[in-house]
Amino acid sequence: MRGDRKLFDGLSFRVTAGQALAVEGANGAGKTSLLRMIAGFLAPAAGRIVLKSAEGESAEAEERGKSIGWLGHQDGLKPQLTVREQLDFFAHLHGRKADANALERVGLARQAELPCRYLSAGQRRRLALARLLVSERPVWLLDEPFAALDTAGQGLIAQLMARHCGHGGIIIAATHDPLGLGNESLKL
Amino acid sequence: MNPFGTLLLRDLKLAARSGGGAALALSFFALVATLVPLGVGADLKLLARVAGGILWVAAVLSALLSLDRLFQGDFEDGSLEVIALSPLALEMTALAKIMAHWLSTGLPLTLLSPVLALLFNLDVAPTVTLFLSLLIGTPAVSAVGAIGASLTLSLKRGGLILPLIILPLLAPAVIFGAGAVRLVLDGMGSGSALGLLAAFSFGAVLLSPFAAAASVRLNLGG
């Protein structure tokens, strides 16, 4: 629900390990709201969202959130911090060690000591992607993952997504562009 | 480093680098404390009588200047969503932010207070009491402020509403803090006032992370 308006009804889908799902739809159809529901920020008016893993089944939003890597509209970066400090913060926040290779993998190794305020929109998006890599979460929720990225950046994220699915991860992405992963799609 | 320490350290780093927080609060505190004696005049006894109240109110208002950004920055740039999905519970997130705010604002204000007490002709004993009362009471300002900051999170110009929400809630801190100084000026012990202030501050720090976290959760859903 958004206010009094019903965004979607009778929605049922299942994504298994190693799969990607593209959530498609016009602006305002509820793509972001669906991702926020899966992340646990929003509660569905009816029905439930269940995450099944080797440890068992969890329908609790907070429990589910611990398996989720989030890339929203905003990149979650602080202009005052350097690229490396920002990434170290995300790694330590998730109880991980800082990964020296993550910046290299997203093509930001040369900008490591640069404050984030000097990054372009595309570079900021790449750093947000590096955050997903260091958080090591099995489920990636991506809201418009290709936004602000140039062709090389789009290729990079496609490569990272393919690798994540290849390692048994799950991707659910709200997007207007094809994911290019031979994925299922859900039309809202 | 654990997630709590990581967030605390990052917020302290941001406070130091953005420049607007502690420096602005300290400047405001010093300006108010300098202007009041100029307005009241050279009545040294009167200045000493009102010192506790004036400096306490000035400290609360100074701390307020940076309180509206406690969660706002993270909310606007998307960091709060990432933090909410981290292993750190939102209650602990709120506590880390309260601690960071106190360390970057409340503590510097407390450390500056003995210098400003000179402008009010306060003797050593009431100055020490003022210092102690601010040391004990300013954590409550950050804690109660966190509730207000989380409630006004998704409001445009929420900073304007924030004082209306939290100033009434901080009345006990001002009453006990200023009261402790007045008791010493009257030749009595300040133990009871400081004790009540400590109880208020402890309660605020203990309970406010839960209230702030609940409010942040609502705002993330909105």
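Residues are numbered from 1 along each chain as its sequence is written, and chains are lettered from A, with ligands numbered from 1, in the order in which they are written. In this predicted model, local features need pLDDT of at least 70, side-chain atom pairs count only at pLDDT 80 or more, and totals for chains, interfaces and linings use all residues.

**Stop 1: where the chains meet.** Select chains A and B. Here 21 residues of chain B are in contact with 23 residues of chain A (contact: C-beta atoms, placed from the backbone, within 7 Å). Now colour α1 (3-18), α5 (79-84) and α10 (191-221) of chain B. Each gives two or more residues to the side that touches chain A. Helices are DSSP runs of H or I, at least four residues, and strands are runs of E, at least two, numbered from the N terminus. Which element gives the most? α1(B) does, with seven residues.

**Stop 2: A:Gly122.** Move to helix α5 (residues 121-135) of chain A, where A:Gly122 sits. A:Gly122 is partly exposed, because 16 other C-beta atoms lie within 10 Å (buried: 20 or more; exposed: 12 or fewer; partly exposed: in between; C-beta atoms placed from the backbone). Leaving out residues up to four places away in sequence, A:Gly122 touches A:Ala148, A:Leu149, A:Asp150 and A:Gly153. Next, pick A:Phe146. A:Phe146 is 24 residues from A:Gly122 in sequence, and their C-alpha atoms are 9.2 Å apart.

**Stop 3: A:Glu136.** Select the loop between α5 and β5 (139-143) of chain A, which holds A:Glu136. Is A:Glu136 buried, exposed or partly exposed? A:Glu136 counts as partly exposed, because it has 13 C-beta neighbours inside 10 Å. Finish at A:His164: 28 residues along the chain from A:Glu136, with 9.6 Å between the C-alpha atoms.

Methods
Contact = placed C-beta atoms within 7 Å.
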